Amino acid sequence: MPALPAALLALLLHAHLCRPAPLNGSKWSYIGPDGEKVWPKKYPFCGGVFQSPIDFHNDILHYDSTLLPVELEGYNVSSDVKFLLTNNGHSVKMNLSSAMRIRNFSFQYSAAQLHLHWGNRNKQEGSEHTISGRHFAAELHIVHYNSDRYLDLKSAVDKPSGLAVLAILVEEGDFNPSFEKIFSHFQHVKYKDQEAIVPGFNVRDLLPERLDDYYRYEGSLTTPPCYPSVLWTVFRKPVEVSVEQLLALETTLYCTESNDPAPLEMVDNFRRVQEFDERMVSVSFRQDPAPGEGGPGFVLFVVLASVLGIVFVTMVAFWLIRRKSLQRAKEEKGVIYKPAVTMEEEEEISKA
């Protein structure tokens, strides 16, 4: 795929939702007068090409055998290292160490921050990317910048090949102790601009077990200014968090400051799926057959059925030909041949 102009992933942290608040309002939101529908008027890239998120469906997927398992370095962070967790009014984000890197991309990408997108307690469909139209409960983004070319996230955000994001889909399931290392601090960052310190931990544990099973495409930031500078890696298999953990994510945080007279819950902070133009998504796995299509077993069945069909037709044709041949032989055996002229008539003819 061609390289895209890079994007402002620092703003990717400024992830989403909230109505404009009476105090400390956002310059953009997901609904209301500054909602997603009017983003392109203020931020032209939001109405441009290569926008994210997208829906992954079989028509746009292309298997790429050159895609390798994602290799991470420095993700097991000592508890002596402290991460800063912040409520930025759009999402909850956590700054990461630049010693955390992705190793086997075209460039080296160093971590800058992670943040989340989610729905609400009544409709837990808060993932940004979807698979065959299906939303997941939430989505985690781990944002990296191109450290081969740029000094930091700020300088890389609007540059070609500037950013790489690892996206992890989240669904309801078992309790997740790794996510709890972040979620347990939500009470300290309930309101906009509040901060908390999170001791370092193995951030690798936030990702799915398999790092060789993913979608890869070039897209954009999912928040204004929507720069098309992101190399997306979206893991196919979701991770699980418990019902209680998901509820904490959906009900604890606010878009507004603590002194705002009209507090707004931070919910539904995800962008709708974007048009995907004529691009293709590379995948590291052999895609599953769509409904009505078949996998290897189905193909084998079709081949065997075809062979058996040919054999059956051949046998029927042979039987019909044989039957017709026997019938003709039987008819010929029962015929009595009579001469056209009798012997007496022949003698008279010869005397004449």
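This is a short tour of a predicted model, stop by stop.

**Before you start.** Residues are numbered from 1 along each chain as its sequence is written, and side-chain values use heavy atoms, with hydrogens and water left out. Local features need pLDDT of at least 70 and side-chain atom pairs count only at pLDDT 80 or more, while totals for chains, interfaces and linings use all residues.

**The whole chain.** Show the cartoon. The chain has 6 helices and 15 strands. Both are DSSP runs numbered from the N terminus: helices are H or I with at least four residues, strands are E with at least two. Now switch to the surface. Of the 352 residues, 46% count as buried. Buried means under 20% relative accessible area, exposed over 50%, partly exposed in between (1.4 Å probe, protein chains only).

**Thr 252.** Select Thr 252. It sits in the loop between helix 4 (243–251) and strand 15 (281–283). Thr 252 counts as buried because its relative accessibility is 8%. Its side chain reaches the backbone oxygen of Ala 248 at 2.7 Å.

**Salt bridges.** The structure holds 10 salt bridges. Each is a side-chain nitrogen of Lys or Arg within 4 Å of a carboxyl oxygen of Asp or Glu.

- Select Asp 34 and Lys 42. Their closest N and O atoms are 2.6 Å apart. Asp 34 is buried at 16% relative accessibility, whereas Lys 42 is partly exposed at 46%.
- Select Arg 121 and Glu 265. Here the closest N and O atoms are 2.8 Å apart. This pair links distant parts of the chain, 144 residues apart: Arg 121 is in the loop between strand 7 (109–118) and strand 8 (130–131), Glu 265 in the loop between helix 4 and strand 15. Arg 121 is partly exposed at 43%. Glu 265 is partly exposed at 33%.
- Select Glu 171 and Arg 134. Their side chains meet at 3.2 Å, N to O. Glu 171 lies in strand 10 (residues 163–172), and Arg 134 in the loop between strand 8 and strand 9 (138–146), 37 residues apart.

**Last stop.** Select Glu 36, Arg 271 and Arg 272. A network of salt bridges links them.

Terms used: Polar contact = N/O pair within 3.5 Å; in protein donor to acceptor, adjacent residues only side chain to side chain.
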